[in-house]
Amino acid sequence: MEIIRKDLAYTEDRAALEVLLSPAFGNVSLEDALLYDIETTGLNPKASQLYLLGVLLFHKENSEFIQYFAESVRDEEEILEQFFQLCQTKKVLISFNGEGFDNRFIEAMAKSYGKLPLHLYLKQLDLFKLIRKRKKFYGLESCSLKSCERFLGIYREDRCNGGELISVYREYLQDKDSKKKNSLLLHNREDIQNLPALFSFLAYENIFRGNIKFQTAEFLESEEIKKLCLQYYLPSPVPVPLTLAPKNYLLEIKDKSLILTVPLYQGELCYFFKDFKDYEFIPSEDRVVHKSLASMYPKEMREKAKASTAYQKMKTSFLPVFQEGEKVFKKTYQDKNCFIPFKENTFESINPVEYLLSFLKIHF
């Protein structure tokens, strides 16, 4: 086994990285974290070999990148031993698709060598898992590591994927070609060294966790439409500005600012009574009356109200809401779009952060 070590100066703001990690792990120090990635000759640990393991460690003054490279199949157990020794000194394990692949592969190998899978006892942060569930939000066609890096404006020297490098490693075992070895090391090195940059996706995650502050609600009116602009403040700046326009809404995220622009509905909507059996419908007046008052109308003018006819109409400005509550208005009973009457003090009774979260849940 060959061990390749390299000291790295900080290229990221250490304090900013810790701020991004804190919602997931509390007050965690980067020195408690172990970033890692493996390279294997296949997906099945029973029929494949671990040939390269890279880790990134944070120290007070710098960070350290280490690669454990198998010069032969016999080096596999020693690589595992080195990795588990590091795990015993750390609290947090950070990876990209570690929970989906790397962790399971190493766990199976550890058991085959009669070792405890010590990496599974650490707290886990799988950046792939976190990013994948927001794929639509980021507009990513793929959630591969290279796609995520391109989203952040990171372009790498390595042009190969892990699958392509399997044959390169097998050839290296035969000819010991240094160029082939360098290709293997480069791919793994860039996988690992780019992971801290991907922490910046956690700045967007603050939004979905409601870890934001509401600032202002501004009413905008033109001849054609009335809108409400809700502005929020983020605890950490996002790395890439996003402008998203689901349906007629506009979501703008830049630096530490988020603005949600919501079109108000102008016109007539219906409130549907839940206890519709207690009402009778008056078709000629297009409304219902409570049974206690129904005797005011001749029998031929009234009929039993249904869920779809037990409504009360109102004409005003309405604010769309994204979950059905007690007093919502709709165009029809079957309509999924819900509204409430809009007033200047509407957000005194509605939590604006919860309002944003319900919007995100529906659209992303």
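Select strand S16 (311-321), strand S18 (338-341) and helix H12 (352-363): each gives at least two residues to the lining of the second largest pocket. You are looking at a predicted model.

**Stop 1: the second largest pocket**

Its volume is about 450 Å³. Now pick out Lys247, Tyr249, Pro320, Asn337 and Phe339. Of the 20 lining residues, these are the closest to the centre of the second largest pocket. Colour the lining by type. Eleven residues are nonpolar, four are polar and five are charged.

**Stop 2: Thr346**

Go to helix H11 (residues 346-349), where Thr346 has its place. Is Thr346 buried or exposed? Thr346 is buried, at a relative accessible area of 5%. Show what touches Thr346. Beyond neighbours within four places in sequence, its contacts are Leu319, Ile340 and Pro341. Take Leu319 from that group. Leu319 and Thr346 lie 27 residues apart in sequence, with 9.0 Å from C-alpha to C-alpha.

**Stop 3: the sheet of five strands**

Next, show the open sheet with the order S7-S8-S11-S10-S9. Its pairing is antiparallel. Look at strand S7 (213-221) and strand S9 (242-244), which stand at the edges. Each has a single partner strand, so one side of each has no neighbour in the sheet. From one strand to the next, the twist averages 10 degrees.

Zoom in on strand S8 (residues 226-233) and strand S11 (residues 257-263). These two run antiparallel and are joined by seven bridges. Select Cys229, and you will find Thr261 of S11 opposite. Then bring H12 back into view. H12 packs on this sheet and touches S7, S8, strand S10 (250-254) and S11. The direction of H12 makes about 75 degrees with that of S11.

**Stop 4: the sheet of six strands**

Move to the other open sheet. Six strands follow the order S1-S4-S3-S2-S5-S6, and their pairing is mixed. Which strands stand at the edges? They are strand S1 (2-8) and S6. Each pairs with a single strand, so one side of each is left without a neighbour in the sheet. On average, neighbouring strands here are turned by 20 degrees against each other, direction ignored.

Select S2 and S3 together. They pair in the antiparallel sense over seven bridges. Find Ile38, and its bridge partner in S3 is Leu53.

**Stop 5: helix H3**

Select H3 and show its side chains. Which residues of H3 are buried? They are Gly98, Phe101, Asp102, Asn103, Phe105, Ile106, Met109 and Ala110. Just after H3, click Gly114, which takes a positive phi of about 70 degrees.

**Stop 6: the largest pocket**

Finish at the largest pocket, which holds about 570 Å³ of space. It has 25 lining residues, and those closest to its centre are Asp37, Glu39, Gly162, His187 and Asp191. Colour the elements that give two or more residues to this lining: strand S2 (33-40), helix H3 (98-112), helix H6 (145-151), helix H7 (162-175) and helix H8 (178-193). Which element gives the largest share? S2 does, with five residues. By type, the lining of the largest pocket has eleven nonpolar, eight polar and six charged residues.

Technical notes:
Residues numbered from 1 in each chain as written. Predicted model: local features only at pLDDT ≥ 70, side-chain atom pairs only at ≥ 80, totals over all residues. Heavy atoms only, no water. 1 Å grid on protein atoms, 1.4 Å probe; cavity = no way out; pocket = protein on both sides within 12 Å on 5 of 7 lines; lining within 4 Å. Points joined across faces, edges and corners; volume = space filled by probe spheres on them. Helix = DSSP H or I, 4+ residues; strand = E, 2+ residues; numbered from the N terminus. Nonpolar A, V, L, I, M, F, W, Y, C, P; charged D, E, K, R; others polar. Buried < 20%, exposed > 50% of the residue type's maximum accessible area, 1.4 Å probe, protein only. Pairing = 2+ DSSP bridges. Axes fitted to C-alpha atoms, helices over the stretch in contact; angles between N-to-C directions. Contact = heavy atoms within 4.5 Å.
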